[in-house]
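Welcome, and thanks for taking a look at this one with us. Please keep the sequence and the structure open side by side as you read.

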Amino acid sequence: MISAKTGLTKYDNKLVMAHMYVAFISLFIGGLMGLLQTLVRSGTLTLPFGIGYYQILTIHGVLLALVLTTFFIIGFQFALMNKTVGMTDKQRESAWFGYWIMLFGTTTTAITILLGKANVLYTFYAPLKAFPTFYIGLALVVIGSWIACFTNFRQLYVWKKKHKGEKSPLLAFMVVINMLLWFIATLGVAATVLLQFIPWSLGMVDTINVLLSRTLFWYFGHPLVYFWLLPAYMAWYAIIPKIIGGKIFSDSLARLAFILFLMFSIPVGFHHQLTEPGIDPMWKFIQVVLTFMVIIPSLLTAFSMFATFEVTGRKKGYTGLFGWLKGLPWKDVRFFAPMIGMLFFIPAGTGGIINASNQMNQVIHNTIWVTGHFHLTVGSTVILTFFGISYWLIPALTGRKLTAKINTLGIIQTIVWTVGMTIMSGSMHIAGLLGAPRRSSYSTYGGTEQASEWISYQIAQAVGGSILFIGIILMVYIFINMVWFAPKGVEEFPLAEVSEHAEPTPMFLENWKLWIGITIALILFAYTIPVIDIIQHAPPGSPPFDTLIQ
Amino acid sequence: MHLHKYEKIWLIFGVASLILFLTVLGIGAFYKGMQPPSHLATIDPQNVEAHEAFRDENLGLRQVGEDKYIVSVIASAFNYDFGLDEEGSAVKNIRIPEGSTVLFQVTTTDVVHGFHLAGTNVNMMVEPGHISSLETVLKTAGTYTLVCNEYCGTGHHYMAATVEVYKP
């Protein structure tokens, strides 16, 4: 039976919730590992039972950056697709099939890490070698996510066949763009894991081409961050306007921004490899230029969001240069949490431009500044928006209501998060500028003066990290309440409509062949020659090193 | 497709600053020659001593001109090898006069390492099979910590040395 208010069947609810349970369990365990790291690095805690710092660091990265994000996003996107274009029983079966493969892969990788056989961090750079089941589990997560991709593609395809000549619903269009981005990007990591890491870790081949494996990893690693960000943008563009009582500023600009993200988030991986030997600096610079292109859709988004806010505020009768800000529902956590997330994106995006700035990267590369940067992007902008989505999505799926009490608690959660993250990320940024490295356990580096300077910032990180962990406990409590304890009722699934003043959406925006074609052409342009170079001028390969991580 | 007038202004401003940023980076890279470290030479990681720069006698600090020095280092988990001093013990601190031009060349015999002279722009990845190299002028006196900033195993945070830049 389809619920009249949410537009989802109980089977849809079950499918999406299955993803959410994995996401929130990962949030709790991954967050706990983060707290432990900051305590170890402050010099105040030694881990018991022979647990290693790099083991909890690996768990933190894998659970939060890979598992939490992927499960939340795929679950959320199924909710959006099922709501806007519907899901057949057959498609639901394939969605569940993908889910179980991802879960099986996650479990396989998690067990390998817990046994201490994979302290290679979530970037698993060769030639450090984890036990083969670490890579096999990750490959299964990717393969499971591809099944979700093709299920989403099929959902829109079936809808389009029934609605000839109509433009696809905005959110379905956005989901398909994000899944296209994910599919094209994961081809790189699948190639390195299936063709390089698995045979090498099983001993079927003796050596690995390190630079090639890193290049394939970063071909995937940067679009990965846009795969996290775009679902947040979906909520900003097409859901938040409804929550604040407004309309979508422009359907066509929203679609254009997503197309630009698809084109310019992939051929840019070298900006993660700027300080590496063996890559011609000309190609690094070309990819830096391509990287900067994503600033355009980011600016488009910023404009659209604030235009929506202003138009809505003025419609409610608030005037003055900034008076319309009062017209926004600051006491509604469904708006407040993502709004704070958006504000975090201003320093986060600025930091990102610095990181990608070719030779300027040398100042901050692999310092804890970088860690501070992505705790602002994925750890604040994205996650606060995901929390903002959860406040209505979870009760809508479980047939309960977001109570006033939980709404207030959510606002407190957002404030706690903001305070904790400002302290933690702020001190990471400063310590990074002073040279403190990322991904390193507590060390006095032989007692140098510089290293002693870093330690006070590491204590500040532990303070921020502890506050953030309180935020995680609050969020898990809110989640449990919305799943099992909140009063029964119907929570609205907010879908915004396009403003009557917006221009009609031109059909060329849905010319998939054109956009995919340009995306592939850009990738081939940015990568063909350097990759051929990397293969042709490869030094002798590297044997596996697995004793260094024990 | 229609763009709002303010949006046009906003985008023109955005794209113009983007072009400005890229021009600055481009001038720095191609006119002033400040490229990120991208040395293309390769080496056999199992046999780095075969390369002239990494023979025992060439490791550590070498003066090659009046204000010119070369520092050759072999990185391996969890150590930077600067060669031996006169007493036969491993060098952990090198001293360079302020204002010298120094060429750092580094390679690794095992996994990927980092090479960051904290507080300076001497920051590069060190990868098996490749030689990383970077030339710089050390302009400010002080003691700098050399840290491995790429995870290389359980002892990664112990991998360090110091570089002392002194007033001559």
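How many bridges join strand E1 of chain B to strand E2 of chain B? There are 4 bridges, and the two strands, residues 60–63 and residues 68–76, run antiparallel. Please keep in mind throughout that this is a predicted model.

## A hairpin in chain B

E1(B) and E2(B) make up a hairpin, and 4 residues lie between them. To find your way into the pairing, look for B:Leu61, whose bridge partner in E2(B) is B:Val71.

B:Phe78 itself sits in the loop between E2 and strand E3 (79–81) of chain B.

## The five-stranded sheet

Chain B also has an open sheet of 5 strands with mixed pairing, and their order is E4-E10-E9-E6-E7. Strand E4 (93–97) and strand E7 (123–126) of chain B are the edge strands, and each has a single partner strand, so one side of each is left without a neighbour in the sheet. From one strand to the next, the twist averages 20°.

Within this sheet, strand E9 (residues 142–147) of chain B pairs with strand E10 (residues 160–166) of chain B. Their pairing is antiparallel and extends over 6 bridges. A handy landmark here is B:Tyr144, which stands opposite B:Val163 in E10(B).

## Where the chains meet

How much area is buried between chain A and chain B? The figure is about 5600 Å², with carbon and sulfur atoms giving 68% of this area. The size of an interface is often given as the accessible area lost when the parts come together.

Turning to polar interactions, 23 residue pairs are in polar contact between chain A and chain B, counting pairs with both residues at pLDDT 80 or more. The interface of the two chains also has 2 salt bridges. One of them joins the side chains of A:Arg214 and B:Glu127, with an N to O distance of 3.0 Å.

## A link between helices in chain A

Over all chains, the structure holds 16 salt bridges. Among them is the one between A:Asp12 and A:Arg92, where the closest N and O atoms are 3.1 Å apart. A:Asp12 belongs to helix H1 (residues 10–41) of chain A and A:Arg92 to helix H3 (residues 89–114) of chain A, so this pair ties together parts that are 80 residues apart in sequence.

Is the peptide bond from A:Ala126 to A:Pro127 cis or trans? This bond is cis, and its omega is near 0°.

Technical notes: Residues numbered from 1 in each chain as written. Chains lettered and ligands numbered in written order. Predicted model: local features only at pLDDT ≥ 70, side-chain atom pairs only at ≥ 80, totals over all residues. Heavy atoms only, no water. Buried area = accessible area lost by both parts, 1.4 Å probe. Salt bridge = Lys/Arg side-chain N within 4 Å of Asp/Glu carboxyl O. Polar contact = N/O pair within 3.5 Å; in protein donor to acceptor, adjacent residues only side chain to side chain. Pairing = 2+ DSSP bridges. Axes fitted to C-alpha atoms, helices over the stretch in contact; angles between N-to-C directions.
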